[in-house]
Amino acid sequence: MSFHDDETRRVALVTGASGFTGSALVTRLLSRGWRVHALDLREGAAREGVTWFGVDLGGDARLEPAMVGVSVVFHLGALVPYNLGRRVPDDEVTRVNVD
């Protein structure tokens with residue numbers, strides 16, 4: 001059985017889902033029949049097949065609810081130096097993205 005033929009396994013988790021690359025990936029996955037669990041600090045547009053989870057990956061995020069039924073994870077979430085209109089210190093960017 002092919003991974004793509006098993007309808008019950010076609011749920012992808014996308015971190016950074018409302019960002020430039022993440023939102024493009026969500027669109028592509030939906031066009032291929034996937035359901036998406038989308039993680040981001042801010043919720044994107046309501047779309048059929050997408051379940052949004054507001055999560056701060058830099059904090060003490062509980063990811064278990066978002067992982068239910070997921071068969072693949074695309075980790076695109078990252079903290080950028082200018083996030084939501086505020087300057088983020090370099091050490092915080094490094095801690096979240098590298099450490």
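Q: Which classes of residue make up the lining of the largest pocket?
A: Ala, Val, Leu, Ile, Met, Phe, Trp, Tyr, Cys and Pro count as nonpolar, Asp, Glu, Lys and Arg as charged, and the others, Gly among them, as polar. Here the lining has 13 nonpolar, eleven polar and six charged residues. The model is predicted: local features need pLDDT of at least 70, side-chain atom pairs count only at pLDDT 80 or more, and totals for chains, interfaces and linings use all residues. Residues are numbered from 1 along each chain as its sequence is written, and side-chain values use heavy atoms, without hydrogens and water.

Q: How many residues line the largest pocket, and which lie nearest its centre?
A: A pocket is an open set of points on a 1 Å grid over the protein atoms alone, where a 1.4 Å probe fits, with protein on both sides within 12 Å along at least five of seven lines; lining residues have an atom within 4 Å of a point. In this case 30 residues form the lining, with L41, L57, G77, A78 and L79 nearest the centre.

Q: Which element gives the most to this lining?
A: Helices (H or I, at least four residues) and strands (E, at least two) are DSSP runs, numbered from the N terminus. Helix 3 contributes the most, four residues. The elements giving two or more residues include strand 1 (11–15), helix 1 (20–31) and helix 3 (90–97).

Q: In what order do the elements of the protein chain run?
A: From the N terminus the order is β-α-β-β-α-β-β-β-α, which comprises three helices and six strands.
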